[in-house]
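Let's take a walk through this structure together. Please keep the sequence and the 3D view open as you read.

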Amino acid sequence: MKKINFIFISGAIIILSVLPSFGKTGRHEYVPGEILVRFKDSADTVTINRLHTFRKAVNKKDFRPLRLQQIKLPDNMSVEEAVEYYRSDPNVEYAEPNYIVHALATTPNDSSFTQLWGLHNTGQTGGTSDADIDAPEAWDLTTGSANVVIAVVDSGVAYNHPDLAGNIWTNTGETSCTDSIDNDGNGYVDDCRGWDFLGNDNDPSDYNGHGTHVAGTIAATGNNSAGITGVMWQAMIMPLRFLGINGAGTTADAVAAILYANANGAQIINCSWGGGSYSQALKDAIDATQAVVVCGAGNDGGSSSANIDNTPNYPASFKSNNIISVTATNHYDNLASFSNYGIKSVDLSAPGESVYSTIPQLTEDPSITVYSQNFDSASGNLPLLGWNRSANSTWAVTSGTGLSGTNSLEDSPDGNYLTNIVSWSYYAIPISWQQDNIYTLTLQWKGVLENNNDFLDLIISADGTDWYSIDRQTGIIGGNFVSYSTDLTDIAEMFNSFYFGFGLMSDNSVTYDGVYIDDITISRNPLSTGSYTYTSYSGTSMAAPHVSGVAGLIFSLYPDLNACQVKDMILRSVDIRPSLDGKVLTDGRLNAYNALQEIPRDVSCKNRVTNTGNSGGGGGGGCFIATAAYGSAMHPYVKALREFRDQHLLTNSYGKAFVSFYYKYSPPVANLIKDREYLKFITKIILMPLVMVIVFPLYSFVIFISSALIIHVISHKRSNRLLKKYFSCLCVQVPRLSLRAKRSNLSLPLGINSVNSLLYKAISLRLLRRNIRSSQ
């Protein structure tokens, strides 16, 4: 049985290795066809342009304060290849994918909740009295100031909401909002009230609701006899949109928004979003700002990812001096069930469950058909009707196989599909994006697939070359067609234009008839703001703006403080709660009144820009010497060493001290190694024992036992039978391990494949000497 399972897994690995990138399911980790590259100060424009031109890459956008560029890649270059290419150049500080992040808010759960228990809790919602931030007490000292600017980097803000309109920031440098002139010369035309980085225009309206809800908690107008009040009764909210209709956005747009906020005087930046991988570009943008940056810690509560000390959630997990990382508590002053935590990564908690705030009332206009096809006008092999297929596939339009006996798109018209097949068909004309529309794909299909082993994939591409699976179907759909529908809004917003199609993937076992697809339609529904209202959301996204509001109250009293002084006052003044012991750094929940009572201390706020994505001098995410020796940060041994560092060395004080020492002194050594082949060879030999233990622990054990036995053989007399028995066992096991390594696409370190030969020679020599002495 084990052998069968091993063969099956190996086959799956082989299939996935040839899949043209659409084996990924769910949301993408990063934007295909783009990377972010930061160049060193010494790199001039000619050198940078030559680097792009050599691989036909294009500079899509400049973030000049950071010497950072958003690079558009050629069709024949993957993101992984591009990252490695740029990292290998000595003029590059770092290169990384353009990661995608998501809004952290959970689904609204109580639209009738009208009391702001997080500001003043009397037990009115059934919770614990005084489980709040003591806002009324704080308002005795200040209710805010129109001189405090708070950037809401989010899904936009409904700036005409009656409870927000009076507290929206205005760019005084723009003399007109409609003259199409960049009056203040900041690179953004007519940016009177912020910017939409998703649509690249001057209208940061909210078509999700998340950003407006955040803005209301920070600074909905207070004491106006209507609606709600924010933590601040008055402030200037700067709306910066980078998250789309469904709450997804890219790192590049987040970086641009944060840099805009910094350049235009925001003292506080609220970031109620996160997820994905570490982005040096995003950290650099945060480190470059003088603002307090307040981040939600994430909503993975109840899962293995809830402790972000172990599973980081960025930007909340960045070790930047000006970041305040916030988790959520409920009206009992307990950690909310959905909340992430981490005594090293999360600073404090704030109210975040059933938080009532402002939202726009969105209206979906009538549906507009973007594309439709019933395949009835022609039949035959693809290409046909604008559809094409992959090489060596059999997709075709067949007669009499569709809905009600019409035509359909079929994967295997001549019978059952093949085993170990990866084939796809696609519409070869891109679908264009219209801003602020909900995109939906609907179709009819039926088919017979081996359940949970063979799959029909819905695939998407930005360029018609690299494909990604966003959904899949399996199993048996009987004789009748069934309807299928999925939301393509995130895809449309991310790519501006996109291709779509269908893939069939099978394993090496049984095969069946395959699939039939008919009546495909892609439609869009324009969104508009019909009115304005209020509702309750839950999430650490709702906790973070409470902290942003309190930071704003502090700036109202002490406008000359730096970000870290404000952070220090907030963290020193929390209400200690037993439920937060060991969960957050301060063991406490936000208290606005206490924070305002704190005496400001002299706290420095100089961020240290770390470079965990460095290359050029070895690189490899800090594994400088290993990268220099193996020639690539993407080498599996470098990745293994990097993971060992993150999972073992950086989890204790001794390991951290070693890593700090290594980072300080190893880059010059790496620079020496990377240009000399003989030093690479020597370094590989030196690294071999460590690589063996990390990558091939079973092999390491075998070699250790073998070495000990060789020494024992040389030092002591043993019977021939014991040696022969061990040797015969080893001759079977070591080749078997070698075979397993090869099947797993891993190469063994230098010299390991000859272990049998060495042992055989050592043992044979010992036996020969004994026989010679016996004959004498």
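**Aromatic pairs, cysteines and helices**

Across the whole structure, a search turns up 22 aromatic pairs, where rings of Phe, Tyr and Trp (its six-membered ring) count as paired if their centres lie within 6.5 Å, with planes under 30 degrees apart called stacked, over 60 edge-to-face and the rest tilted. One of them is the edge-to-face pair of Y188 and W195, with 5.0 Å from centre to centre and 65° between the planes. Both Y188 and W195 are buried, a word that here means under 20% relative accessible area, with exposed meaning over 50% and partly exposed in between (1.4 Å probe, protein chains only).

Before going further, a word on the ground rules: this is a predicted model, so local features need pLDDT of at least 70 and side-chain atom pairs count only at pLDDT 80 or more, while totals for chains, interfaces and linings use all residues. Residues are numbered from 1 along each chain as its sequence is written, and side-chain values use heavy atoms, with hydrogens and water left out.

Now turn to Y371 and F500, an edge-to-face aromatic pair at 5.8 Å centre to centre and 65° between the planes. This pair links distant parts of the chain, 129 residues apart: Y371 belongs to strand β15 (residues 368–373) and F500 to strand β26 (residues 497–505). Helices (H or I, at least four residues) and strands (E, at least two) are DSSP runs, numbered from the N terminus. How buried are the two rings' residues? Y371 has a relative accessible area of 7% and is buried, and F500 counts as buried at 0%. Both residues also belong to one aromatic cluster, which is formed by Y371, F375, W387, Y427, F500 and F502.

Some rings have a charged side chain over the face, meaning that NZ of Lys or CZ of Arg is within 6 Å of the ring centre and within 35 degrees of the ring normal. R193 lies over Y159 in this way, 4.4 Å from the ring centre.

Let's move on to the cysteines. Which two cysteines form a disulfide? They are C177 and C192, with their sulfur atoms 2.0 Å apart, inside the cut-off for a disulfide, a pair of cysteine sulfur atoms within 2.5 Å. The torsion about their S-S bond is about -125°, so the disulfide is left-handed. C177 and C192 both sit in the loop between β5 (144–154) and β6 (195–196), 15 residues apart. C177 is partly exposed, with a relative accessible area of 34%, whereas C192 counts as buried at 6%. The search of the whole structure finds one disulfide.

For a look at a helix residue, find V255 in helix α6 (residues 251–263). V255 is buried, with a relative accessible area of 0%. Leaving aside neighbours within four places in sequence, V255 is in contact (heavy atoms within 4.5 Å) with F63, L66, L68, A281, L282 and A285.

Helix α10 (residues 563–572) is mostly covered, with nine of its ten residues buried. These buried residues pack against β11 (292–296), β12 (323–329), β13 (348–351), α9 (540–557) and α11 (592–597).

Helix α15 (residues 677–695) spans only 24 Å between its end C-alpha atoms, whereas a straight helix of 19 residues would span 27 Å at 1.5 Å a residue; the expected span is 1.5 Å times one less than the number of residues. Where does α15 bend? The bend is at M688, by about 45°, and a proline, P689, follows within four residues. That bend is the angle between axes fitted to the seven residues ending there and the seven starting there. The buried residues of α15 are L679, K680, T683, L687, V691 and M692.

Finally, step back to the whole chain. Its secondary structure comes to 18 helices and 29 strands, and 53% of its 776 residues count as buried. Of the contacts in the chain with a separation of 6 or more, 76% come from residues 24 or more positions apart.
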